[in-house]
Amino acid sequence: MSSDPIRFTRGPGGEVEVDGVLDEFAATVLTRAGFDSWPTLRGSWIRLPFDMGRAWENEHTSWAAGMLTAARYTVVLDPSLRPAGDAAPTRAERRAQAAMKTQPPAPSSRRRPRR
């Protein structure tokens, strides 16, 4: 894993691009989140498909950033790529919140003494 951050940006044409040094695991995470990769002379070009709508692009980008952050990668997310209503949790945050909810205590097997 590289110490260089993985950057998510919206390009001048409106496309969502990923920059940074990516290992095989990070590339797999991005593919799982819907990003496409094309080989270039200097490496590879990774971006989301065009014209999927800003809400879809923002959701998938924040989901990918959340997964990479959970895997302890350094991630820089362009503020324009956050989902609408930034106060709303991302898909990864909703899953984490659901997993961390406290469970009711198990019923005790010991009985109270009768009086």
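**Figure 1. Contacts of Val 16 in the predicted model.** Leaving aside residues up to four places away in sequence, Val 16 touches Thr 9, Arg 10, Phe 35, Ile 46, Arg 47, Leu 48, Glu 57, Thr 61 and Leu 81; a contact means heavy atoms within 4.5 Å. Val 16 is found in strand S2 (residues 16–19). Helices (H or I, at least four residues) and strands (E, at least two) are DSSP runs, numbered from the N terminus. With a relative accessible area of 1%, Val 16 is buried; buried means under 20% relative accessible area, exposed over 50%, and partly exposed in between (1.4 Å probe, protein chains only). The C-alpha atoms of Val 16 and Arg 54 are separated by 9.6 Å, and these residues are 38 residues apart along the chain.

This is a predicted model, in which local features need pLDDT of at least 70 and side-chain atom pairs count only at pLDDT 80 or more, while totals for chains, interfaces and linings use all residues. Residues are numbered from 1 along each chain as its sequence is written, and side-chain values use heavy atoms, with hydrogens and water left out.

**Figure 2. The crossing of helices H1 and H2.** The axes of H1 (residues 24–32) and H2 (residues 54–70) come within 9 Å and cross at roughly 150°. Axes are lines fitted to C-alpha atoms, for helices over the stretch in contact, and angles run from 0 to 180 degrees between N-to-C directions. H1 and H2 are therefore roughly antiparallel to each other, a term for angles over 145 degrees. Ala 26, Val 29, Leu 30 and Arg 32 of H1 make the contact with Trp 63, Ala 64, Met 67 and Leu 68 of H2.

Figure 3. Asp 51 lies in the loop between strand S4 (43–47) and H2. Although Asp 51 is not a glycine, its phi is positive, at about 55°. Most residues other than glycine have a negative phi. Asp 51 counts as exposed, at 76% relative accessibility. Arg 72 lies in the loop between H2 and strand S5 (75–77). Arg 72, also not a glycine, has a positive phi of about 70°, and it is exposed, with a relative accessible area of 72%.

**Figure 4. Confidence along the protein chain.** The mean pLDDT of the chain is 80, and 70% of its residues reach 70 or more; pLDDT is the predictor's confidence in each residue, from 0 to 100. Confidence is lowest in helix H3 (residues 91–99), at a mean of 59, and highest in strand S1 (residues 6–10), at 93.

Definitions and conventions
Parallel < 35°, antiparallel > 145°, perpendicular 65-115°, else oblique.
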